[in-house]
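Please consult the sequence and the structure shown here.

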Amino acid sequence: MTTDKEQLRKEITENIAMQAYFKNFNQYQVDDFVDSYIRNKKRWLEYAGKYITYHQEAPLHWVATASNHLPIIQQKKLFDVQCLWRAEKIELPGVIICADFRVWEHDILNCPFLEPISREDIELYAQYLLRENPDTRCCWGGDDDWQKYDEIIKAYHTDNENRNFPEWYHFYNGQRGTGTYMALPDIRGQKEAVYINLANKQQREEREKDPTYLKPEPYNASKFLSYFDATQTDWFVKTFETKQVQELYDAWQWKTRNRDKEEELEYYIHVLMDADEPVSMPANYNWQDAIKQAANSFANKKIAETLPEAWEQYMMKKQMNIAFSSETDHLHKAFLDLKKFYEELLLHGRKLSGEPEDFNF
């Protein structure tokens with residue numbers, strides 16, 4: 001189709017049906033309408049083509065989103081299994097060191113020793129979404145360190161400022177009584193630590209024997225310079241720049257002070273703008289929090305509604321033995337490399353301790 005304005009105008013002028021319709025209106029109105037219509041039609045022809053697929057597939061959007069949440073269901077099962085394995089309560093095929101769980105974290109739908117997702121699992125996760133209203137921006141099943149054992153256990157037992165205990169894990173524990181797994185001893189992890197520390201100590205001693213080796217200086221916060229440290233940047237500007245630059249810097253800081261919040265809110269506003277039904281806004285003294293709550297509530301409701309369809313697609317793949325792909329395949333490969341590194345370190349530690357170079361310990 002042509003996007004030339006004159007050609008588009010000619011098509012209207014020569015269209016008998018259109019011209020007959022325009023005779024019902026004032027010529028001034030017709031001219032104004034045609035000008036606006038041509039301008040917009042040109043936009044439709046040039047840019048709207050890419051939206052056709054999106055518009056046609058809009059009903060499938062929430063099913064695809066729900067599919068992204070299926071791995072989260074399995075992450076809690078894997079973490080429970082990790083707790084049992086570390087406590088030497090169970091053995092798992094193919095699992096030989098703790099690092100194996102980080103590998104399976106990023107290929108979890110293909111994990112062979114986990115029970116497949118059940119209808120009961122789907123119903124429980126839907127309850128979690130609707131009751132807890134988690135932040136959908138932060139739980140798409142990406143790099144969330146679901147199997148980072150030490151940090152998660154510490155967060156469970158203490159008010160750990162480094163990370164929070166996953167909300168889904170907390171809800172799951174409460175519903176299925178699996179909180180006792182969090183109290184199991186880390187027998188296997190402690191055994192591995194002995195060999196890893198031994199190997200690291202030996203390698204460190206070897207490096208220090210090298211006459212060219214430079215021992216790293218102890219960390220000193222006062223000697224660490226970073227442009228992203230606002231305090232340091234403020235001091236630098238006020239100390240070395242002219243008064244004019246300082247004023248410009250202050251103006252820039254004031255204007256961009258909410259940039260991070262704006263970028264964050266874009267996600268929630270996008271969710272609400274794409275809503276195909278009215279969405280109520282909760283009462284909140286902070287309008288930004290109200291937008292987040294409304295977007296999360298709507299998104300979690302849609303995900304809960306479409307989980308059964310996403311689960312049916314999952315089960316079809318399982319029954320046909322079709323492997324699952326993942327958006328975190330690059331992390332799966334990275335942790336395979338990390339696992340190999342720890343295997344070599346453990347075997348070296350075993351050798352140094354005069355024990356067989358295997359993983360039977």
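The following text treats the salt bridges and then the helix pair.

The model is predicted: local features need pLDDT of at least 70, side-chain atom pairs count only at pLDDT 80 or more, and totals for chains, interfaces and linings use all residues. Residues are numbered from 1 along each chain as its sequence is written, and side-chain values use heavy atoms, without hydrogens and water.

With a salt bridge defined as a side-chain nitrogen of Lys or Arg within 4 Å of a carboxyl oxygen of Asp or Glu, the count comes to 25.

D145 lies in the loop between α6 (119–132) and α7 (149–157), 43 residues from R102 in helix α5 (residues 100–105). Relative accessible area under 20% means buried, over 50% exposed, and in between partly exposed (1.4 Å probe, protein chains only). R102 is therefore buried at 13%, as R350 is at 3%, whereas D358 at 24% is partly exposed. In helix α9 (residues 187–209), K209 and E206 are 3 residues apart, about one helical turn; K209 is exposed at 62% and E206 partly exposed at 43%.

Helices α10 (residues 230–240) and α11 (residues 243–255) pack at about 150°, their axes 9 Å apart. The two are therefore roughly antiparallel, a term for angles over 145 degrees. Contact (heavy atoms within 4.5 Å) involves A230, T233, D234, V237 and K238 of α10 with Q246, Y249 and D250 of α11.

Note on methods:
Axes fitted to C-alpha atoms, helices over the stretch in contact; angles between N-to-C directions. Helix = DSSP H or I, 4+ residues; strand = E, 2+ residues; numbered from the N terminus. Parallel < 35°, antiparallel > 145°, perpendicular 65-115°, else oblique.
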